[in-house]
Amino acid sequence: MGIRLRSSRQTLDILEALLARPSHWHHGYAISRQTSVPSGTLYPILMRLDKLGWLETKWEESVPQGRPPRHLYRLTGNGREWARQELCYAQQREFWKPAASQV
Amino acid sequence: MGSPQQAMPFRLAHSSLQLALRFWPEETRDWGHALAAELDEIEKPLVALQWAFGGLMLFSRASASHFLAWLKLPAGSRLSTAPLLPGTSVPILPKRSRLFTAVILLAAALLLFLPQSRQAISTVVASWNGYEISSGDRRTLANLAAQAEKDKDGRTLAFVALVLRDPEQGMRLADKAVVLDPQLTWVYASRFYRPADVQQPTEWLVRLHASDPDNSVTDLLIADNIAQPRYMALMALGTPGLQQFESQITGDPRWVAHMEAAFRAPRYDGYVTKHWELISYVWSSHPTLSPSIIGYELWAHRIPNLSNLMSFANFKIRRAQQALAEGHPEEAEQILRQIDAFGNLMTDRAQTDIECLIGLDLSRKAARELGAHYAATGQEAAASFRARRASENAPADFSPSVDGGVPDDSKSVSRKRSPLSGGHRITASLGSYGGFQSSRDRASASLLVPSPTGLATYAVPRGGLLPCVAPLRLRWVCTEFSSLCAPFC
């Protein structure tokens, strides 16, 4: 059975955060702070994005001693394309608004 | 003073996530590590705890899907990514043994021994079969009757007698129930018509009348019984007109006498409440009874025949008109007042909306005629009062029409609480004389509806007598709890 990703508001917020700086590697906690999505919701979404092949992940390479390496995320090329479409479609349906317009 | 990371909430968050990571399923463990690694970036203790709580939720989801994957394994195999018990090489989830599969199957089979489980299954099956009484239900009823006879439980016997379709057995059990508990004589009223094509003992009605002589319903049932053969004979020739039926039936002095007695009786009780109490008693004593049995019994009650009531009211009105023409205005007024009084009694004491509407219509007829009578005799104030009453008793939806009798829900009339409904509002509508439709908006109440055969209630259009021939298709019990009666006529 294929993986399905429901475009919930939280998913769209996360995609928006990842798209804000598409080539930048993001940390989980930074995404959570930016989007106010709690860890229990954030990681299942990231896991699904990863399984769908829309998320690139890697472990931090240079780590200060005594601290575990952190996991880093950014959208793949296909992922960015898909994310833009999803955000655009959600805006058209007035289902979701970008964070900037909400402020 | 230590660093904030050494405060109790941080340590709690760290240790809970580390513990979860030891048991985290292999396939998603990296994500657990990723989540735990972020803890060092958090500065506020409460946020750290929230973060760790989210991690534990993620762990529980991962463990659940891991367990589900394990359940789906073929017997004798194990998950390749099974997490090990800490400090050992023993996987937390063992091989899927055949014994485990057998135990699960046995447990599932044992569930069938629970009456509640069987009832749940039979509810689904009954909904497929339109709540028809099955052979299993018949066995249940036979056992119920045998036990009731042994226990001398008249009420349960009466219940079974009403449900059974076998006329001989039903009649035998009804008689036994009444012998055990004479207060159950009312059961004859309901059982009498089941099925309509089988001759029921007429002495039942005599006994019923003797046990409840002040109740107009007992006389109405006897009158129904007298009218039945005439009506069936007319039906054999095609759909009879109301006038044709009236002309035949009003020539029968026995019928007239019983209808007269019914219109003079001080009480009106259709036994609906008693019937409902009987069902409640049996259902509470046997809570796992099949929904088909309860469903069948819930709707199967009889109310007096509308055509008889209308025919007799018309007959009386004609007599009043004749009396007035012959110069006896007091007699004419008395006759019309009698119709009005009976209509009011029926409206007030009705336990179903249909009966209430019939009563209202009788009162309206009488008020209209009384208004005309007072106008003809020069009593203007009384005429105006009666005309007002006639209009009050005849809401827009209640006036006769010749539109073919299509019931119209938009014209529904709601009435006072029904005593059998336990507070649930029952609504009914009489879209025209051509049809009735009744519905409930809540569960657990019964509304009585006429039988499709025999002398029950008929929808009476202006120009003829249309029997309610379409059988009621009741599929509502235990499922929708919304609609009681399918439209008929």
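The dialogue below takes helix packing, then the interface.

Tutor: This is a predicted model, in which local features need pLDDT of at least 70, side-chain atom pairs count only at pLDDT 80 or more, and totals for chains, interfaces and linings use all residues. Residues are numbered from 1 along each chain as its sequence is written, chains are lettered from A and ligands numbered from 1 in the order in which they are written, and side-chain values use heavy atoms, leaving out hydrogens and water.

Student: At what angle do α1 and α2 of chain B pack, and how far apart are their axes?

Tutor: Two packed helices are described by the angle between their axes and the distance between the axes. Here α1 (residues 8–23) and α2 (residues 29–37) of chain B pack at about 170°, with axes 10 Å apart. α1(B) and α2(B) are therefore roughly antiparallel (angles over 145 degrees).

Student: Which residues of α1(B) and α2(B) make the contact?

Tutor: Contact means heavy atoms within 4.5 Å. Leu17(B), Gln18(B), Leu21(B) and Arg22(B) of α1(B) meet Arg29(B), Gly32(B), His33(B), Leu35(B) and Ala36(B) of α2(B).

Student: How much area is buried between chain A and chain B?

Tutor: Buried area is the accessible area (1.4 Å probe) that two parts lose on being put together, summed over both. For chains A and B that is about 1,700 Å², with 68% from carbon and sulfur atoms. In chain A, Tyr29(A), Tyr43(A) and Met47(A) lose the most area to chain B, together 37% of what that side buries.

Student: How many salt bridges cross the interface of chain A and chain B?

Tutor: A salt bridge is a side-chain nitrogen of Lys or Arg within 4 Å of a carboxyl oxygen of Asp or Glu. The rule finds three across this interface. Glu41(B) and Arg70(A) form a salt bridge at 3.4 Å, N to O.

Technical notes. Axes fitted to C-alpha atoms, helices over the stretch in contact; angles between N-to-C directions. Helix = DSSP H or I, 4+ residues; strand = E, 2+ residues; numbered from the N terminus. Parallel < 35°, antiparallel > 145°, perpendicular 65-115°, else oblique.
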